[in-house]
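Me: I'm new to this one and would like to learn how to read it. Could you walk me through a few features, one at a time?

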Amino acid sequence: MGKSLTHKIIESHLVSGNMIPGEEIFIKVDQTLTHDINAVMTYLAFEAVGIDRVRTECSVSYLDHNLLYVDNKTPDDHIYLQSVAKRYGVHVSRPGNGICHSVHVARFGVPGKISMGGDSHTPHGGSIGMLCIGVGGMDVATAMTGVPMRLTMPKVIKVNLLGVLKPGCNSKDIILEMLRRVSIKGGLGNVYEYVGPGAEALEVSARATIANMGAETGATTSIFPADEQVRKFLISQGREQDYKELLPDSDAEYDGFIEINLSELEPLISCPHQPDNVKRISEVEKRPVQQVFIGSCTNASYSDIAKAALVLKGHQVNENVSCTCAVASKQIYKKLMQDGYIDMLLDAGVRMLEIACGPCCAIGQTPATKGIAVRTTNRNFIGRAGNPTAEIYLVSPESAAATAITGTFATAEEILGIEIGKLAEVKEPKEYKIDDGMLIKPLPEEEALEVTVVRGPNIKPLPVPDAPQNYLCAPISLKGQDNISTDDITPASAEFSSMRSNIPLMSQYCYHRYAPDFAASAKAMGESIIIGGENYGQGSSREHAAINPMYLGVKAVIAKSIARIHKGNLINHGIIPMIFANPADYDGLELEDELEIENLLEQIPTRTITIKNKTRHFQFDVKLEITDNEMEVVLNGGQLTYLKKQL
Ligand code: F3S
């Protein structure tokens, strides 16, 4: 029986467990990555473990998200991150070098390796045949210690791509089509393995868009074979020696099958406020657009920006539109300049931003009140752009450029007409000028031991939860609806991102848009429980969405379902994730109801817990959908305490 590529990579990294979907396995992790707005907690946790140096093949700390130094907080973070990396043997990518996923694939990624990153779009690296998984920061800290990482063995779904994209369509339209079909929950527990003639024809940058935004389906990751396209890409990076062909067997067995004919796709648009709310651009009501942003790890490759520039060439950005562009890396920016594309953008009236994530995570370029923003990014949750009244639409760079010209939703074909074919001629560069001057290599071990870690006033100690007690009686501090995102729990934006190293301060803003009184009331309650609907904690891997509630005394989340990364974060930070055995019990619970659990420690191993609602006098059951290893972590009150006992 033939093997999928995913099976081959997992098998070669398997430390223990059976590769049966849904079973807990332990794998060796080769590489890790972090980025500045999530990383401080990760490195504080790593320091607390007490080993002298990272034990991965390669760990990289990217300073790429928040480059606005509006007060001391972000520079404090960056100086801490740079010094802690030096102390423990971690590479640093300095501010301005590029967005983590793009730089990682270009300069560090190796086909067949496994990487874990403290960012949900880590699967971007699946574009070169790596198995790349987005996890919470505590998991990255754990991976850096070299201990085998737990993973729920995924189902592997074959996605067969047929046909060829029409000019004016982008691989963004492929992943939007996937989202339309499978929804934001459909990928849960899956790896999507892309194969077929349509996949073979896609360049690495186009594959990266798909693998990156596969995160929006909830998938564990997405992957493409390491084939001729990957070899070409690594040659362009001067790294052909890192190439090895990695393909699924021709008779590989899969757990599911999806087929997309690329020739049939039209330019698509994801409408507010969920990425799977996908329509054809041609069928969306034409409304005035206030802002266009071309960039992000999803869509800021050379060919993405070059195609947007070709659409804009000879036109002016509509006078009612603010159009900005952030390129994925310095390397790409320089090549685009050399080839004349940056001039085209500037001539059209596009504002070139720093090389960073920026607007993608609401660091700058907030839309106006009730403004309509069209973006090439990957998420359109309420508030993701920094203004909860705004509407965010997600499209390809070609469609974003056309929209910037017309001032309403538009496709490249509407601008280019019969000249649309020229977009298909844009190819990724055969060769880049390699300049790693903004990458800092790890110091030799002896020298690293001498480094002093610099902690400015924004760096506050990592809060460590207590182990659970046998008796819990606590009120409900929040009752949420379906699809609460980590953005709802801990908002994006420059202001809040820079608080992420300071939990006592940031926790005061926990849920502040969704439930403005939450932080104060949870704190006053001492201990409390959160109730959620379906897909609780979807979106970003931000572990602050677990750390802040934990700091405010939340002991458990009871929801109809919990998103994969967030569930891991809750466990890691001492909050017990519970699932309604009967989802209808959700309806019977109200804010401030007193919930009582007796014999909690004895009930946890049974995976079913009986809860008494003392306010309304009824009883209901919840399930613990956790593995044996996760149970140990829960009983220890979180990963840090557990991990210290392992080492
Ligand atoms: Fe950054 Fe947005 Fe990607 S915040 S890593 S560009 S999802």
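Reply: Happy to. Keep in mind that this is a predicted model. Let's start where two domains meet: ten residues of domain 2 touch ten residues of domain 3. The area buried between domain 2 and domain 3 is about 700 Å², with 48% of it on carbon and sulfur atoms.

Me: Which domains does the assignment give for the chain?

Reply: It lists domain 1 (5-264), domain 2 (268-422) and domain 3 (472-492 + 499-638). Taken over C-alpha atoms, the centres of domain 2 and domain 3 are 37 Å apart.

Me: Where is Ser-485, and is it buried or exposed?

Reply: Look in the loop between β21 (472-479) and α16 (486-489). Buried means under 20% relative accessible area, and Ser-485 has 1%, so it counts as buried. If you skip its neighbours within four places in sequence, Ser-485 is in contact with Phe-381 and Gln-538.

Me: Which residues surround the ligand?

Reply: The shell is made of His-65, His-101, Asp-119, His-121, Ser-296, Cys-297, Cys-357, Cys-360, Cys-361, Asn-378 and Arg-384. Sorted by class, that shell has four nonpolar, five polar and two charged residues.

Me: Why is the ligand said to lie between domain 1 and domain 2?

Reply: Because domain 1 (5-264) and domain 2 (268-422) both give residues to the shell around the ligand.

Me: Now a helix. How many residues does α3 have, and what is its reach?

Reply: Helix α3 (residues 73-88) has 16 residues, and its first and last C-alpha are 22 Å apart, close to the 22 Å expected at 1.5 Å a residue. Of those 16 residues, 13 are buried, so α3 is largely enclosed by the rest of the structure.

Me: What should I know about backbone angles in general?

Reply: Most residues other than glycine have a negative phi, and most peptide bonds are trans. Now for the cases that stand out here. Glu-592 isn't a glycine, yet its phi is positive, about 75 degrees. You'll find Glu-592 in the loop between β24 (576-580) and β25 (594-597), and at 53% relative accessibility it counts as exposed. His-617 also has a positive phi, near 60 degrees. Its loop runs between β26 (608-613) and β27 (618-623), and His-617 is exposed, at 69% relative accessibility.

Me: And which residues does a cis peptide bond join?

Reply: Pro-272 and His-273, with omega at about 0 degrees. His-273 belongs to the loop between β13 (268-270) and β14 (278-280).

Technical notes:
Residues are numbered from 1 along each chain as its sequence is written. This is a predicted model: local features need pLDDT of at least 70, side-chain atom pairs count only at pLDDT 80 or more; totals for chains, interfaces and linings use all residues. Side-chain values use heavy atoms; hydrogens and water are left out. Helices (H or I, at least four residues) and strands (E, at least two) are DSSP runs, numbered from the N terminus. The expected span of a helix is 1.5 Å times one less than its number of residues. Buried means under 20% relative accessible area, exposed over 50%, partly exposed in between (1.4 Å probe, protein chains only). A residue is near a molecule or strand if one of its heavy atoms lies within 4 Å of it. Ala, Val, Leu, Ile, Met, Phe, Trp, Tyr, Cys and Pro count as nonpolar, Asp, Glu, Lys and Arg as charged, and the others, Gly among them, as polar. Domain bounds come from an automatic or database domain assignment. Contact means heavy atoms within 4.5 Å. Buried area is the accessible area (1.4 Å probe) that two parts lose on being put together, summed over both.
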